[in-house]
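Subject: Structure for you to look at

Dear colleague,

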Amino acid sequence: MDNKAPRVTLRQWAVFAAIAQCETTTAAGEQLGLSQSAVSSALAELESTLGHPLFDRHARRLHLNALGRQLLPQAQALLDHADALERATVQPNVRLKLAASSTIGNYVLPALLASFRQQIAPDSQLDVLIGNTQDVVDAVQRFEVDIGLIEGTCRGEALEIETWIDDEMVIVAAPGHPLAQGPASHAALREAGWLMREPGSGTRELVDSRIASVVGPLHVALELGHSEAIQRTVAAGYGISCLSRHVVADALRDGRLVEVQSGLPRIARPLLIVRHRDKHPTHGLTQFIDALHGHASLHSDDS
């Protein structure tokens with residue numbers, strides 16, 4: 001194959017399709033925004049490259065011949081595909097990879113994702129990784145995801161960390177648990193059987209820093225890797241735990257859990273947005289970050 005041989009251009013196919021529709025070079029030029037001479041020249045170049053005429057000329061009109069009729073559907077499909085590529089480049093469908101720590105991923109993010117898809121990006125494709133805080137930070141640092149949402153602290157020179165919304169933590173027990181009946185002393189809190197998340201979890205980090213540091217070392221009766229498993233086990237009477245109000249809201253409402261009156265100051269933590277400094281913010285990512293900020297505003301108004 002001769003690499004120097006003339007190639008048919010997309011513009012020539014567009015001229016061909018316009019002439020087939022309009023049947024004159026003048027009308028085709030008006031449709032394409034080209035002069036009549038430019039259209040005639042493009043058609044002549046196309047027919048010369050192919051080595052065959054594509055139209056029969058009759059009374060100043062051009063009618064597709066057999067070869068022209070054969071090529072028109074393929075030419076139109078090519079033009080439609082090129083148009084789709086151009087539109088996708090101008091405003092591509094949103095494709096994002098997200099990572100969220102357990103509480104956010106299971107209790108905060110679902111409604112936000114649904115709202116984003118319904119109101120902002122109906123054709124979006126969102127892939128979500130759910131793990132503990134360290135899992136999310138690692139994924140962001142390795143460029144495996146576009147953005148991370150965490151409930152624990154993190155550090156890293158390559159990371160951009162932004163406070164998102166406030167998350168209140170509550171100590172909970174089953175209604176029949178001894179600590180559910182009245183104010184719990186520090187000694188009673190220390191000795192109670194605690195159900196805890198695994199090390200590396202933002203929830204575990206907060207319990208250690210805000211409760212154990214005040215009342216003393218806690219008796220850890222069980223470690224579980226999921227907040228839902230913890231709240232169900234606490235509701236069954238196994239022990240007590242400290243969980244996000246997002247996690248226990250339904251169980252507190254229907255009486256499966258009660259809030260333990262500990263006398264401790266209000267425990268809250270910021271939920272954080274984490275991005276890599278070198279991650280290019282695509283149009284879709286910018287839209288999603290705007291949605292996160294909008295959710296934060298609503299959350300602030302409701303609190």
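**Helix 1 and what follows**

Helices here are DSSP runs of H or I with at least four residues, strands are runs of E with at least two, and both are numbered from the N terminus. The buried residues of helix 1 are Gln12, Trp13, Val15, Phe16, Ala17, Ala18, Ile19, Ala20 and Cys22, where buried means under 20% relative accessible area, exposed means over 50%, and partly exposed is in between (1.4 Å probe, protein chains only). After helix 1 comes glutamate 23, which has a positive phi near 70°.

Please bear in mind that this is a predicted model, in which local features need pLDDT of at least 70 and side-chain atom pairs count only at pLDDT 80 or more, while totals for chains, interfaces and linings use all residues. Residues are numbered from 1 along each chain as its sequence is written, and side-chain values use heavy atoms, with hydrogens and water left out.

**The chain as a whole**

The protein chain has eleven helices and eleven strands. Its radius of gyration is 32 Å, well over the 19 Å that the globule rule gives for 303 residues, so the chain is more spread out than a compact globule; the radius is taken over C-alpha atoms, and the rule is 2.2 Å times the number of residues to the power 0.38. The C-alpha trace spans about 105 × 40 × 30 Å along its principal axes. Of the 303 residues, 41% count as buried, and the accessible surface comes to about 16100 Å², of which 51% belongs to carbon and sulfur atoms (Shrake-Rupley method with a 1.4 Å probe; for residues, only the protein chains shown count as cover).

If contact is taken to mean heavy atoms within 4.5 Å, then among contacts between residues at least 6 apart in sequence, 75% join residues at least 24 apart.

**Two loop residues with positive phi**

Alanine 59 is not a glycine, yet its phi is positive, at about 50°. It sits in the loop between strand 1 (55-58) and strand 2 (61-64), and its relative accessibility of 63% makes alanine 59 exposed. Phenylalanine 143, again not a glycine, has a positive phi of about 60°; this residue belongs to the loop between helix 6 (133-141) and strand 5 (147-150) and counts as partly exposed, at 38% relative accessibility.

Isoleucine 211, in helix 8 (residues 202-215), is buried with a relative accessible area of 1%. Leaving out residues up to four places away in sequence, its contacts include Ile171, Trp194, Cys242 and Leu264. The C-alpha atoms of isoleucine 211 and isoleucine 171 are separated by 9.9 Å, although the two lie 40 residues apart along the chain.

Serine 262 lies in the loop between strand 10 (258-259) and strand 11 and is buried, at 15% relative accessibility.

In helix 9 (residues 227-235) we find isoleucine 230, which is buried at 1% relative accessibility. Beyond its neighbours within four places in sequence, isoleucine 230 is in contact with Leu195, Met196, Arg197, Leu224, Ser241 and Leu243, and its C-alpha atom is 7.4 Å from that of methionine 196, 34 residues apart in sequence.

Serine 244 belongs to strand 9 (residues 241-244) and is buried, with 1% relative accessibility; with residues up to four places away in sequence set aside, serine 244 touches Thr103, Asp167, Glu168, Met169 and Arg269.

Finally, threonine 282, in the loop between strand 11 (267-276) and helix 11 (283-302), is partly exposed, with a relative accessible area of 37%. Threonine 282 and valine 94 are 188 residues apart in sequence, and their C-alpha atoms are 9.0 Å apart in space.
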